[in-house]
Amino acid sequence: MDPIWQNITTALEVEQSVADKWLSKLKDQYTQSGRRYHNEEQMLGKKAEHLSGASVCLQLAALFQYYHFEAGKDCSKKNCDALKEFLAESNVDNKALINNVLKLLGDETVDSADISEDDVLFFQDLDLLILGYPSDEYKNYTKCLREEYNSLDSDAYNKMRLKILQTFNRIPFIYATKDFNDKFEKAARTNIEIEIKELQV
């Protein structure tokens, strides 16, 4: 997280005290005890190498996408609000950038965000990155994910998970961008098929 945040705050010319304050807030959010997968080490760690050369817009969206996280709940509005709070404290008034990041975070009310389709697809693929990881890392992901949904009994969780996985199994491509598709599509298909079989036992 640190080098990505450094790049963001340098590019946006954020005052150091504000940058440090919000880095601390981000770390506090991502290290909450209930986050078994959606944390800095597991999720952001895997995304980091793909974000290193990405735009400030994509980097900001990636860090604030799961700023608030509750398993099974839509926290997009809370995350948009957190982003706006950070940008206001940072005196960032680049309306195009703000609207583009909000659009990526799920705010459909922003006016005429001009974000490119390539960035939208990259952001979607980045969120599905773990699906195409080696089988041992995928197994660890499914274990951590199950722990995040500890409020659900096994039957309810398995039904929910199967529905999601079967949806992925029906679409022609899991990854929309060529780079991600070339690198991760085959492994993602295998991982998903194996998990479906395990859940159906």
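Start by selecting Trp-5 and Phe-64: both are buried. Keep in mind as you look around that this is a predicted model.

Now show the rings of those two. Trp-5 and Phe-64 make an aromatic pair of the tilted kind, with 6.5 Å from centre to centre and 50° between the planes. Follow the chain from one to the other and you'll see that the pair links distant parts: Trp-5 belongs to helix α1 (residues 2-11) and Phe-64 to helix α4, 59 residues apart.

**Next stop: another pair of rings**

Select Tyr-37 and Tyr-141. Their ring centres are 4.9 Å apart and the planes meet at 70°; planes over 60 degrees apart count as edge-to-face, so that is what this pair is called. Where do Tyr-37 and Tyr-141 lie? Tyr-37 is in the loop between α2 (16-30) and α3 (40-51), while Tyr-141 is in helix α8 (residues 135-148), so the pair ties together parts 104 residues apart in sequence. Are they buried or exposed? Tyr-37 counts as buried because its relative accessibility is 7%, and Tyr-141, at 8%, is buried too.

**Widen the view**

There are 16 aromatic pairs by this rule. Select Trp-5, Trp-22, Phe-64, Tyr-67 and Phe-86 together, and you have one aromatic cluster.

Stay on Phe-64 and bring up its neighbours. Leaving out residues up to four places away in sequence, Phe-64 touches Trp-5, Trp-22, Leu-26, Tyr-30, Asn-79, Ala-82, Leu-83, Phe-86 and Leu-105.

Now for the largest nonpolar core, which has 67 residues. Highlight Trp-5, Leu-12, Leu-60, Leu-63, Phe-64 and Leu-131, which touch the most other members. Helix α4 (residues 56-64) supplies the largest share of this core, with eight residues. As a bit of background, nonpolar side chains tend to be buried together in soluble globular proteins.

**Charges over rings**

Lys-25 lies over the face of Trp-22, 3.9 Å from the ring centre. Then try Tyr-30 with Arg-35: here the charged end of Arg-35 sits over the ring of Tyr-30, at 4.7 Å from its centre.

**Last stop**

Finish by selecting Asp-155, in helix α9 (residues 154-170). With a relative accessible area of 48%, Asp-155 is partly exposed.

Conventions:
Residues are numbered from 1 along each chain as its sequence is written. This is a predicted model: local features need pLDDT of at least 70, side-chain atom pairs count only at pLDDT 80 or more; totals for chains, interfaces and linings use all residues. Side-chain values use heavy atoms; hydrogens and water are left out. A nonpolar core is a set of buried Ala, Val, Leu, Ile, Met, Phe, Trp, Tyr and Cys residues joined through side-chain atoms within 4.5 Å. Buried means under 20% relative accessible area, exposed over 50%, partly exposed in between (1.4 Å probe, protein chains only). Helices (H or I, at least four residues) and strands (E, at least two) are DSSP runs, numbered from the N terminus. Contact means heavy atoms within 4.5 Å. Rings of Phe, Tyr and Trp (its six-membered ring) pair if their centres lie within 6.5 Å; planes under 30 degrees apart count as stacked, over 60 as edge-to-face and the rest as tilted. A charge sits over a ring if NZ of Lys or CZ of Arg is within 6 Å of the ring centre and within 35 degrees of the ring normal.
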